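Please look over the sequence and the structure shown here. The briefing that follows takes up the surface, the sheets, the helices and the salt bridges in turn.

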Amino acid sequence: MAHDCSFVDDVVRKGRVSTDDEILLAHSKDEGPHDAHRPDVVVWPGSVSEISALLSAANTRKVPVTPWSGGTSIEGNPIPVAGGIVLDTYECNEITVRNDDLQAVVGPGVVYDDLNAALEPYDLRFAPGIAAGDVATIGGMIANNASGLNAVRYGVTGDHVLRLEVVLPDGRIIECGRDVPKTTAGYNLKDLFVGSEGTLGVITEATLSLEGVPRHRHAALVTFSSNTAASRAVSTIMGSGLKPGALEFMDSQLVRLLNEYREDADFPDPLSC
Ligand SMILES: Cc1cc2nc3c(=O)[nH]c(=O)nc-3n(C[C@H](O)[C@H](O)[C@H](O)COP(=O)(O)OP(=O)(O)OC[C@H]3O[C@@H](n4cnc5c(N)ncnc54)[C@H](O)[C@@H]3O)c2cc1C
């Protein structure tokens, strides 16, 4: 059922709204295998007050709104299954580095790799890691509580979120969390939004904690005769008090595919060991 979204022109600046067929199509599907659902309109609000006005107006009219950022999800997370409005925060990409505080204040549309490029001069980084880091954004990472192979040492995205500014579905703007590593003041509402996949509100700003970039790194590639033996090795390493910066497990099928796909890859096949 199509929704009457004509009101968006009154709340979002001209040029930040599209009903163009190609744009609707591009926002109807993520990177996973799930069915596409077209929104009625896509908007790129330029400020928190525009997002607030938009959500308030949509809420009054009972028009569904789905937040969207990089669109790299693979579980259907940003697909507008009920149509209505896709609220794209990809262009909310301001970065303020507070290097002395080991923190960065970022907009939800900041791309993971761009944030780490901005942190490079300070020898700092946002550490959770993600394989889609060239497109995935901080807003999408917080909403999905994403993480990559660094998680074994540095934790997942939520472990680095100190404070959030969020616009609630009725347009109210709230702040939760604090710009400090530890606080016991009030309910921990911040963590409610981490991993909520855009269902509880739109994240409009986040304060993230940062890590120093290690000066030395060593990597080892080890082949095991079975998945069980590989798992045992991980438990032995972790149990010994060593904390690797990253761990990645590749089974024999993945090794074979990798060798086929990349000309420069020649990993030993675990089954032939
Ligand atoms: C090749 C590839 C590799 C990947 N590797 C990893 C990986 O290593 N680790 C991992 O965890 N995931 C991985 N993913 C999945 C995906 O990249 C992550 O889930 C990522 O966090 C999605 O970010 P995004 O910016 O693309 O968000 P989107 O896909 O646009 O949105 C994700 C969710 O967040 C919501 N959302 C978006 N913006 C906001 C906002 N401002 N406020 C509130 N909610 C919002 C959306 O509604 C949706 O529910 C991979 C995907 C691909 C295609």
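**Surface patch and model basis**

Val234, Ile237, Met238, Leu242 and Leu247 make up a nonpolar patch on the surface, and their accessible area together is about 370 Å². A patch consists of residues with over 30% relative accessible area and no salt bridge, where like charges are joined within 9 Å and nonpolar side chains (Val, Leu, Ile, Met, Phe, Trp, Tyr) within 5 Å; accessible areas come from the Shrake-Rupley method with a 1.4 Å probe, and for residues only the protein chains shown count as cover.

The model is predicted, so that local features need pLDDT of at least 70 and side-chain atom pairs count only at pLDDT 80 or more, while totals for chains, interfaces and linings use all residues. Residues are numbered from 1 along each chain as its sequence is written, and side-chain values use heavy atoms, with hydrogens and water left out.

- Methionine 238 belongs to helix H8 (residues 227–239), helices (H or I, at least four residues) and strands (E, at least two) being DSSP runs numbered from the N terminus.
- Methionine 238 counts as partly exposed because its relative accessibility is 31%, where buried means under 20% relative accessible area, exposed over 50%, and partly exposed in between (1.4 Å probe, protein chains only).
- Leucine 258, in helix H9 (residues 252–261), is partly exposed with a relative accessible area of 23%.
- Apart from neighbours within four places in sequence, leucine 258 is in contact with Met250, Ala265 and Phe267, contact meaning heavy atoms within 4.5 Å.

- Strand S8 (residues 161–167) pairs with S9 in the antiparallel sense over 5 bridges, and valine 167 stands opposite isoleucine 173 in S9.
- S5 and S6 form a hairpin with 4 residues between them, and leucine 102 in the turn has a positive phi of about 55°.

**Four-stranded sheet**

- An open sheet of 4 strands has the order S1-S2-S4-S3 and mixed pairing.
- Strand S2 (residues 41–43) and strand S4 (residues 85–88) pair in the parallel sense over 3 bridges, with valine 42 opposite valine 86 in S4.
- H3 packs on this sheet, where it touches S2, S3 and S4, and its direction makes about 165° with that of S4.

**Salt bridges**

- The structure holds 10 salt bridges, each defined as a side-chain nitrogen of Lys or Arg within 4 Å of a carboxyl oxygen of Asp or Glu.
- Arginine 38 forms a salt bridge with aspartate 21, with the closest N and O atoms 2.6 Å apart.
- Arginine 38 lies in the loop between helix H2 (21–26) and S2 and aspartate 21 in helix H2, so the pair ties together parts 17 residues apart in sequence.
- Arginine 163 and glutamate 205 meet in a salt bridge through their side chains (2.5 Å, N to O), linking strand S8 and strand S10 across 42 residues.
- Arginine 163 is buried, with a relative accessible area of 8%, whereas glutamate 205 is partly exposed at 26%.
- Arg98, Arg163, Glu175, Asp179 and Glu205 are linked in a network of salt bridges.

Methods:
Two strands pair if DSSP finds at least two bridges between them. Axes are lines fitted to C-alpha atoms, for helices over the stretch in contact, and angles run from 0 to 180 degrees between N-to-C directions.
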